[in-house]
Amino acid sequence: MTILEVNNVKKVYTTRFGGNHVQALSDVSFSVEEGEYVAIMGESGSGKTTLLNIVASLDKPTSGEVLLSGKSIVSIKDKEISAFRRNNLGFVFQDFNLLDTFSLQDNIFLPLVLSGKSYREMDSMLKPISTKLRITDILDKFPYEVSGGQKQRAAVARALITNPKLVLADEPTGALDSRASDDLLKIFSDINDEGQTILMVTHSTKAASHAKRVLFIKDGMVFHQLNKGSMTNEEMYQKISDTLNIIATGGGRNE
Amino acid sequence: MMFYIMYFIADNDGLNNMSGGPQLRTLLTMGTFIIGMFSVIFLFYTNSFLIKRRKKEFGLFNILGMEKKHISKVMLWESFFTAVISLVAGLLSGIIISKLMFLLLLNIVQFDVTLNYLVSMQSLIGTTILFIAIFVLTLLNNLRHIHLAKPIELLKGGQVGEKEPKTKWILVIVGIITLSIGYYIALVTESPLAAMSKFFTAVLLVIIGTYALFIAGTIALLKLLRKNKKFYYQTKHFIGVSGMIYRMKQNAVGLSNICILSTAVLVMLSTTVSLYIGMEDLLKNRFPKEIAVTVDNVSAEQTNTIESIIKDEAKKHDITIKDALFYRYLSFPVVQKGSSFIADRSSLNTPADLTMITLIPLNDYNQMEKRSVTLNEGEVLLFNFRGEQIEDKITLNETSLKVKEQIEDMTIDGKSSALIVDSIFLIVKDEMAMELFPAEELNKTNTKNLSFYYGFDAEGESNQEIALTKSLQKTLKDEGFEAFSEGAEESRESFFSLYGGLFFLGIFLGALFIMATVLIIFYKQISEGYDDKERFEIMQKVGLSKIEIKKAIKSQVLLVFFLPLVTAVVHIAFAFKVITKLLALLNLTNISLFAICTAGTILIFAVFYGIIYALTAREYYKIVS
């Protein structure tokens, strides 16, 4: 079943006085099936983050449509969009975006509290997830008291606790050291094996090599696509590097 | 932003140099001093606020290769220009507005002074010096900050990782104790004189308590709320409570400042307003009879002479004497210990124990009150004017006296109400009056006989009344009497200048403080808005809708805004009783008037506050979203 469908999405930023038009996305189309683990790669400024923001309904495309489980998220009313985001999407960010004023546990509870769940319900949902992510011991700590890897695991827990249809990750390993990165990628693979659909934006080859499918974006378009199939992570890594090389050395626009 | 105070200072100084009446002048000088102090504090505060925001900028300069020397130079020029511009603007507007203010003051005081308005050089120079000094000080302070800090620290500025504040239970307890003692004192104090000395202790305690509770108590309370899972995990409370814990850590001191400031404003405004409005009342209290004459050392026969002199003089001035009241008396201070009174003042511990005793012969009392009471040996009648309850047996200098009757009400000389000590009137058998008078006082005060009081309401023109009051004293003195006369009309003017001046000062300082309070809160909220921006962005990403954000902001700002106000009102509610006692010293006994004035000022203050709140909340929301 197709979870996410992105059709001919175009995004043009206009400067405040309407003078300059910057085309962030020119024509992007792709789809994500249920249970998939897709990575989107591209250099800085290639439009990755814009694309993710549109999928996350934080931003609206200039044209084109985005369907989540067959429902267009472009046409959702402003009033309902927050609730929609809360119930269907989970977010993992590069800089964690944990709130300093909350303990880790409260940070994880945040989306649930916003949906008005009772404490008991939340607590029972938290237990299995915190065990899985190995953060049970540090739940009472505050974000500034724990390491980056622990913070990111808490952020993952926050993304997962609502049982979202789709987890969106924006450079999740960007602020982590290599050990914590490996750890996090393993967690992603594990939850994907359990059936969680993940869409990840990254420019780390290593992170992308864990995904089952990698999309390459260049100049606002989907440039190339790699399927992992039965390749190992290492082989995938090699393949991605090659592709990036081709793109970087000016493979041009000949697909 | 600094202009406000600037011109207020300027015009106050201007007023000060021209106003008539020494009392008024001292009052206004005091006001100038307060405003001066205040502007120092306020400018420092705003400066620290601005410099925090600009640290990043300076850090960047530093990293880009500017030496600290250069930055200092930039800052020097910057503050030079702001100082010059704000001084010029402030003084100009001060000169213009001071004229207006002066007219207002004259109107309030009801003086007929011709307006010889000119620019007062002295106040211009004074203002300039004060503000240059302030600017230099703030500049030095800023330079100190820059020199001490490292470039990276400057760049990071305020965003150093905040730790969650700890609950300081000891401070909470201290706060609760001091606050409750303060309140207790305010509630149990009965005597006006005691009120005066204890009032300051109470104020001090309440101030300490306020600080302690704002600093530690709020955090403790919020943490308790957080422990209550059912309450805490609701969208509104969740964001609010956690945010407030951090908010309070940074702002507790500021909020308690605001709280105390607003309490001061409210007390000041309500008392001065009620004094001014209640002025007629006050005159009535102070002068039960419009004109009163007292003559010392008068024998029973001489009273008739005096009476006829007074009547003659009144006729000369075309004034009809109405409701004349006269009696002979003797009064002297004693030290009160329960029901015993000792003339020896060396045993005095606190001024609160001092009591004025006035002896009135029974004959005079019967004549005056149209009664026919008889007294046996050792028996007295007692009228307790503003004092503690006294038993029916008293000792006066080792003479035991039995109180035959405690009189409920009696027309007396208004002077007693002007005294700050308690007063007791004893009606004694005629010949006992001199006997009871303590021997050592006789020599000290050169008292040989009783004093005579003659008071009456006068019907006639007011300047004639004033003239009569003056000529009475003169004529009687010429006749060889130790006479003293006073009149309501004569005193009205000085009353107006005193209370009118107070009223003016109250309004003036009140307006200033309100403005300062409001500005402080406004800046606080705006700077917090910048800090909170990130938080709300994250929450939006996680799924908080705009409406919910608005709600959360509203409740948060609401709390920060109205916590000090509510506390201030509570303070005033507790202080109400003591303040009425203090006002009684100033002859104002109309409690309901004071209550209305208090309620009125609180209402006006709250309205101002509400407007600013609405503005701030909107501004805050704009920043955050």
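In strand 8 of chain B, Ile424(B) is the bridge partner of Ile357(B). The model is predicted, so local features need pLDDT of at least 70, side-chain atom pairs count only at pLDDT 80 or more, and totals for chains, interfaces and linings use all residues. Residues are numbered from 1 along each chain as its sequence is written, chains are lettered from A and ligands numbered from 1 in the order in which they are written, and side-chain values use heavy atoms, with hydrogens and water left out.

The strands of chain B come next. Helices (H or I, at least four residues) and strands (E, at least two) are DSSP runs, numbered from the N terminus. Two strands pair if DSSP finds at least two bridges between them. Strand 4 of chain B is joined to strand 8 (residues 422–428) of chain B by 7 bridges, and these two run parallel. Strand 4 is also joined to strand 2 (residues 320–337) of chain B, here by 6 bridges and in an antiparallel direction. In strand 4, Thr355(B) is the bridge partner of Val334(B).

Buried means under 20% relative accessible area, exposed means over 50%, and partly exposed lies in between (1.4 Å probe, protein chains only).

Salt bridges are the next topic. A salt bridge is a side-chain nitrogen of Lys or Arg within 4 Å of a carboxyl oxygen of Asp or Glu. By this rule there are 14 salt bridges over all chains. One of them pairs Arg213(A) with Glu36(A), whose closest N and O atoms are 2.8 Å apart. This pair links distant parts of the chain, 177 residues apart: Arg213(A) is in strand 9 (residues 213–218) of chain A, and Glu36(A) is in the loop between strand 2 (21–33) and strand 3 (37–41) of chain A. Arg213(A) and Glu36(A) are both buried.

Another salt bridge, at 2.9 Å from N to O, is formed by the side chains of Asp183(A) and Arg153(A). Asp183(A) lies in helix 6 (residues 178–193) of chain A and Arg153(A) in helix 5 (residues 148–160) of chain A, 30 residues apart. Asp183(A) has a relative accessible area of 23%, so it is partly exposed. Arg153(A) has 11% relative accessibility, so it counts as buried.

The last part concerns the two chains together. Contact means heavy atoms within 4.5 Å. How many residues of chain A are in contact with chain B? There are 26, and they touch 25 residues of chain B. Buried area is the accessible area (1.4 Å probe) that two parts lose on being put together, summed over both. Between chain A and chain B it is about 2,300 Å², with carbon and sulfur atoms giving 67%. In chain A, the residues that lose the most area to chain B are Thr101(A), Leu114(A) and Tyr144(A), together 24% of what that side buries. The count of salt bridges between the two chains is 0.
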